[in-house]
Amino acid sequence: MNQELATALKIYSTKPHKELNDYLIGKSKDNLIGILVDLITMYINDKNSSTIREFITVTLAGYEHEAKKIGYNGYKHDTYGKMLRCEAKPKNCDTNSENLYKLRGAGNFSDYTFARLKKDTLQDDLNMLVSGFVDGKLIYIIEFPFKCPEFVENLRVQLLKRFPKGQDITNEYLRSAGFDYRDFTKCNERKIVYLLTKKELMQFKPYIIRDFYNFLEEKTK
């Protein structure tokens with residue numbers, strides 16, 4: 001970590017904020033830029049928090065970000081004044097990781113139940129936002145309605161494996177209901193919100209699984 005950033009964090013956490021102001025005022029423009037860039041780099045690649053990646057995904061898709069842990073991740077109003085909500089699932093490929101994760105348009109829902117699936121499916125105004133980053137660099141954002149048949153069916157099948165009788169059990173959950181590109185790329189209402197150009201995309205080919213890369217390549221310019 002940048003030592004000046006480390007010092008700023010320590011001052012912020014242990015001293016009056018005026019001391020941090022005094023510390024930063026004494027820095028050159030280049031030093032301040034370095035501190036900010038290091039902080040953003042550290043935050044956007046944080047393995048334990050997707051908050052900043054979620055914020056980028058939601059706001060670039062035109063939604064207001066909702067920072068609360070419970071509930072959907074954002075909202076906006078369409079041209080008719082109807083409120084639309086979104087659930088964002090950002091993934092980051094850390095190329096320095098020992099176990100390299102390749103982007104595949106994937107995401108998951110924690111502690112899932114039939115009740116929650118029913119609630120989400122009945123939301124006509126709920127859209128999914130699936131995004132991928134490589135070392136914090138945004139590669140794509142794909143938007144589609146939660147109620148897309150293939151997407152819902154994938155979640156239902158996983159729930160049935162966990163609850164064979166087709167009904168929830170009190171205080172029991174499907175810990176992780178996952179999905180990937182195969183569960184939404186055929187959705188008629190799917191749209192590309194953000195995607196690198198074909199030339200830019202080629203640079204990140206090693207970090208995207210083959211079939212999903214081919215799908216993205218077909219959609220870019």
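**Pocket**

I started with the largest pocket, which holds about 940 Å³ of space. The model is a predicted one.

Next I looked up the lining. It is made of 34 residues. S50, E54, A88, K89 and P90 are the ones nearest the pocket centre. Of the contributors, β3 gives the most, with seven residues.

I also sorted the lining by residue class. I noted 14 polar residues, 13 charged and seven nonpolar.

**Helix α5**

Which residues of helix α5 (residues 114-121) are buried? I found F114, L117 and D120. Looking down the axis of α5, I saw these buried residues fall within an arc of 125 degrees, so they line one face of the helix. The spacing rule I keep in mind here is that an α-helix has 3.6 residues a turn, so residues three or four places apart point the same way.

I then looked for what the buried residues of α5 pack against. The partners are β4, β5 (126-134) and α6 (149-162).

**Cysteines**

How many disulfides does the model have? I counted one disulfide. C148 and C187 form it, with their sulfur atoms 1.9 Å apart. For my own reference, a disulfide is a covalent bond between the sulfur atoms of two cysteines.

I placed both ends on the chain. C148 is in the loop between β6 (137-145) and α6. C187 is in the loop between β7 (174-179) and β8 (191-195). The two cysteines are 39 residues apart, and the pair links distant parts of the chain. Both C148 and C187 are buried.

C86 is in no disulfide. The cysteine sulfur nearest to C86 belongs to C148, 15 Å away. Is C86 buried or exposed? C86 counts as buried because its relative accessibility is 0%, and the cut-off for buried is under 20%. C93 also has 0% relative accessibility, so I logged C93 as buried.

**V37**

I marked V37 as partly exposed because its relative accessible area is 44%, which lies between the 20% and 50% cut-offs. I also took one distance from V37. K27 is 10 residues from V37 along the chain, and their C-alpha atoms are separated by 15 Å.

Key. Residues are numbered from 1 along each chain as its sequence is written. This is a predicted model: local features need pLDDT of at least 70, side-chain atom pairs count only at pLDDT 80 or more; totals for chains, interfaces and linings use all residues. Side-chain values use heavy atoms; hydrogens and water are left out. On a 1 Å grid over the protein atoms alone, a cavity is a set of points where a 1.4 Å probe fits but cannot get out, and a pocket is an open set with protein on both sides within 12 Å along at least five of seven lines; lining residues have an atom within 4 Å of a point. Grid points are joined across faces, edges and corners, and a volume is the space filled by probe spheres set on the points. Helices (H or I, at least four residues) and strands (E, at least two) are DSSP runs, numbered from the N terminus. Ala, Val, Leu, Ile, Met, Phe, Trp, Tyr, Cys and Pro count as nonpolar, Asp, Glu, Lys and Arg as charged, and the others, Gly among them, as polar. Buried means under 20% relative accessible area, exposed over 50%, partly exposed in between (1.4 Å probe, protein chains only). The arc is that of the directions from the helix axis to the C-beta atoms. Contact means heavy atoms within 4.5 Å. A disulfide is a pair of cysteine sulfur atoms within 2.5 Å.
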